[in-house]
Amino acid sequence: MSDKHYAGFAAIVGRPNVGKSTLMNGLIGEKIAIMSDRAQTTRNKIMCILNTDNAQIMFLDTPGIHKPHHKLGEYMNRMAESSLEEVDVVLFVVDVTEKKGPGEDYILGLLNKIKTPVILVCNKIDKLEDKSRLLKIMEGYSKLYKFAAIVPVSALNDGEFPDLVAEITKHLPEGPGYYDEDQITDQPERVIAAEMIREKVLRLTRDEVPHAIAVEVEEFKEREEGNVYIRATIFVERESQKGIVIGAKGSLLKKIGQQARKDIEGLLYCPVFLDLWVKVKQDWRNQDKALKQFGYKE
């Protein structure tokens, strides 16, 4: 058995809603990246760290590459595209239950401009009724690009993904790990907490609200009683959206708080007092100052 150790970076790319965040959470065995059936849930590059017997892999979960409609969308695309040059290997995730479309063609065009090895990850195979279609899908993609490997997965149901991890490790440089073995992300706890709150808003609000949501944790402190106090503000773009997030007599905001608190307590391993507020910041997705305030920095 080889005693060599490898360490490097892998970017996870794909169009919105193909299961990138679900895959990354499954790979590291912890919930760090937020998940939603809404497209464009991930807005920043979030790094998670996987330690295996012979490797440390830093995964970058990037925003879904899409046609932008505002400055936030342009920022998200730049974040996703810039990561392709910075890593040792790229995972291109596709949803095998959906037909290949302009989104995949656009990403393939980007991949053709880089020299980084690319692994095609065919996701959601558990939802494919006709399993014989999988081989045709894989063959179709292999005619369009010379992939380093093609790995079919079910991000929702598979565990540990040994075949995928083995393929990734092949492309990492030899060397020691960059981070402590017990560290699973480079994101501060308050950033992950804000993302967990945003996830609950995405899941519980109507269609017109989700992409107008930003969350800022304004206070995060450990108390002597052994719990953590978190005060966070949910920002929306219009008064009507504020009413939706709060709900009748504060019912929806209460539900958002209950569900988010449960996740945050799982992250921090201690009781959490979550104090949520809702404010309007008009058209914040097109304001450079607001984008920086909410952590969307170049």
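Figure 1. Axes are lines fitted to C-alpha atoms, for helices over the stretch in contact, and angles run from 0 to 180 degrees between N-to-C directions. Contact means heavy atoms within 4.5 Å. Helices (H or I, at least four residues) and strands (E, at least two) are DSSP runs, numbered from the N terminus. The model is predicted: local features need pLDDT of at least 70, side-chain atom pairs count only at pLDDT 80 or more, and totals for chains, interfaces and linings use all residues. Residues are numbered from 1 along each chain as its sequence is written, and side-chain values use heavy atoms, with hydrogens and water left out.

Figure 2. Two strands pair if DSSP finds at least two bridges between them. Strand 7 and strand 8 (residues 228-236) are joined by eight bridges in the antiparallel sense. In this pairing, F220 stands opposite I230 of strand 8.

**Figure 3. Helix 7 packed on helix 8.** The axes of helix 7 and helix 8 are 5 Å apart and meet at an angle of about 65°. Helix 7 contributes I244, V245 and I246 to the contact, and helix 8 contributes S251, L252, L253 and I256. Six of the contact residues are nonpolar, one is polar and none is charged. Here Ala, Val, Leu, Ile, Met, Phe, Trp, Tyr, Cys and Pro count as nonpolar, Asp, Glu, Lys and Arg as charged, and the others, Gly among them, as polar.

**Figure 4. Two non-glycine residues with positive phi.** K249 sits in the loop between helix 7 and helix 8 (251-268). Its phi is near 55°, a positive value in a residue other than glycine. K249 is exposed, at 89% relative accessibility. F161 lies in the loop between strand 6 (149-152) and helix 5 (162-169). Phi of F161 is positive too, near 50°, again in a residue other than glycine. F161 is buried, with a relative accessible area of 4%. Buried means under 20% relative accessible area, exposed over 50%, and partly exposed in between (1.4 Å probe, protein chains only).

**Figure 5. Salt bridges.** The structure holds twelve salt bridges. A salt bridge is a side-chain nitrogen of Lys or Arg within 4 Å of a carboxyl oxygen of Asp or Glu. In helix 6 (residues 189-204), E195 and R198 are three residues apart, so about one helical turn separates them. Their salt bridge has its closest N and O atoms 3.1 Å apart. Both E195 and R198 are buried. A network of salt bridges links E199, K200, R203 and D263.

**Figure 6. Two further salt-bridged pairs.** E167 and K170 meet through their side chains, at 3.2 Å from N to O. E167 is buried, at 18% relative accessibility, whereas K170 is exposed, with a relative accessible area of 59%. E219 pairs with K221, their closest N and O atoms being 3.1 Å apart. E219 is partly exposed, with a relative accessible area of 23%. K221 is also partly exposed, with a value of 41%.

**Figure 7. Helix 1 and its end.** Helix 1 (residues 20-28) is mostly covered, with eight of its nine residues buried. The buried residues are K20, S21, T22, L23, M24, N25, L27 and I28. G29 follows helix 1 and has a positive phi, near 75°.

**Figure 8. Confidence along the chain.** pLDDT is the predictor's confidence in each residue, from 0 to 100. The chain averages 83, and 82% of the residues score at least 70. Over residues 34-44 the pLDDT is below 50. Beyond near neighbours in sequence, this stretch has 57 contacts in the model. Where pLDDT is low, the predicted coordinates should not be read in detail.
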